[in-house]
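Visitor: I would like to learn how to read helix packing and nonpolar cores. Please take me through a case.

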Amino acid sequence: QSSWDIANPILPVERSPVVGRREAFRARRRGQGNGTAKASKSASERDDRRADNGAEKKRLVKRHRKISELNKGILEEIRHLKAEHPAWGFRRIWAYLKFQKKLEINRKRIWRLMKENSLLVEPNRKLKARRQATTHKLRSIEPNSLWGTDMTKIMTNEGWAYLHVVLDWGSKKLVGCTLSRMSKTADWLDAINEAVNMQFPNGIKDTLKGNIYLVSDHGSQPTAKKYMDSVKELGFQQVFCSYCNPKGNADTERIIRSIKEDLIWPREWHSFHELSEAIKKWQYAYNEEFPHSTLGYDTPCSYEKWYLASVS
């Protein structure tokens with residue numbers, strides 16, 4: 001022994017009963033016996049016991065959820081909506097069934113049924129945009145006060161088709177939607193004229209002139225002299241979104257994305273006429289049936305009627 005061991009002998013320390021019980025409990029949890037001097041079963045014996053009883057335990061623990069007749073009917077409605085609108089999530093499915101179909105149903109039930117049947121829209125984190133704070137955009141809750149217009153192109157078997165849209169930012173109503181084989185200034189004006197005829201069939205009154213803002217980007221068509229003169233003659237105040245500001249015309253860009261996700265991308269378009277007819281049907285269904293969370297899950301036409309009736 002070293003001089004340190006002789007000068008500092010190691011004295012036995014009594015273990016407290018609490019520590020002893022804790023170690024015995026841990027030993028039982030590890031399958032090493034009951035913490036006493038009695039020898040525990042070997043590891044091979046424990047594995048055999050688990051193999052014998054594993055299947056029976058799983059059968060006893062597993063629960064089989066029986067789908068009720070009500071849930072079967074709801075699931076059929078969900079499958080039908082998902083077939084027509086693949087990009088719809090459980091919130092919009094729930095809003096459509098509750099406010100359009102008048103079904104008293106909980107949103108959690110819709111989420112559970114869609115999750116169990118693999119009908120949820122899987123999020124793609126790679127496509128999540130990282131945005132920095134930019135200038136604020138115009139906002140409105142009043143119909144016919146703030147409109148936005150833009151263009152996108154769609155491939156068909158007959159070549160490119162150009163879609164021009166006009167959206168009412170207050171009511172989210174798609175007031176103008178025209179398709180053309182080219183994207184000239186006259187084609188942009190056709191969408192504006194359709195919007196005016198839809199919202200003001202008797203003509204724009206003098207009291208409304210100067211009170212409607214039209215938002216667009218700095219493209220060659222919205223900045224053309226013919227376009228600007230025509231918009232000014234209608235009494236609109238033309239507003240251009242600022243450079244490097246993706247939120248400047250975000251509401252109009254969002255409706256274009258909805259058209260592509262819901263109608264364009266899931267199908268293949270053979271002719272220009274076929275696409276034009278489908279877009280007109282989709283525009284009507286969107287304005288009359290599509291619920292919006294920003295409108296309290298109301299449709300654009302219903303919100304417009306409610307607002308005009310409330311202020312009259």
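Visitor: How is the packing of two helices described, and what are the values for H7 and H8?

Guide: Two packed helices are described by the angle between their axes and the distance between the axes. Here helix H7 (residues 185–199) and helix H8 (residues 225–234) pack at about 15°, with axes 10 Å apart. H7 and H8 are therefore roughly parallel (angles under 35 degrees). The crossing is right-handed. This is a predicted model: local features need pLDDT of at least 70, side-chain atom pairs count only at pLDDT 80 or more, and totals for chains, interfaces and linings use all residues. Residues are numbered from 1 along each chain as its sequence is written, and side-chain values use heavy atoms, without hydrogens and water.

Visitor: Which residues make the contact of H7 and H8?

Guide: Contact means heavy atoms within 4.5 Å. H7 brings Thr 185, Ala 186, Trp 188, Leu 189, Ile 192, Asn 193 and Val 196. H8 brings Lys 226, Tyr 227, Ser 230 and Leu 234. Seven of these residues are nonpolar, three polar and one charged.

Visitor: Which residues touch the most other members in the largest nonpolar core?

Guide: A nonpolar core is a set of buried Ala, Val, Leu, Ile, Met, Phe, Trp, Tyr and Cys residues joined through side-chain atoms within 4.5 Å. Buried means under 20% relative accessible area (1.4 Å probe, protein chains only). In the largest core, of 42 residues, the answer is Ile 78 and Ile 110. Helix H10 (272–289) gives the most, with seven residues.

Visitor: What does Ile 78 contact beyond four places in sequence?

Guide: Ile 93, Leu 97, Ile 110, Leu 113, Met 114 and Leu 119. A second, separate core has 17 residues, including Trp 188 and Phe 200.

Notes:
Axes are lines fitted to C-alpha atoms, for helices over the stretch in contact, and angles run from 0 to 180 degrees between N-to-C directions. Helices (H or I, at least four residues) and strands (E, at least two) are DSSP runs, numbered from the N terminus. Angles under 35 degrees count as roughly parallel, over 145 as roughly antiparallel, 65 to 115 as roughly perpendicular and the rest as oblique. A crossing is left-handed if the near helix is turned anticlockwise from the far one by less than a right angle, and right-handed if clockwise. Ala, Val, Leu, Ile, Met, Phe, Trp, Tyr, Cys and Pro count as nonpolar, Asp, Glu, Lys and Arg as charged, and the others, Gly among them, as polar. Buried means under 20% relative accessible area, exposed over 50%, partly exposed in between (1.4 Å probe, protein chains only).
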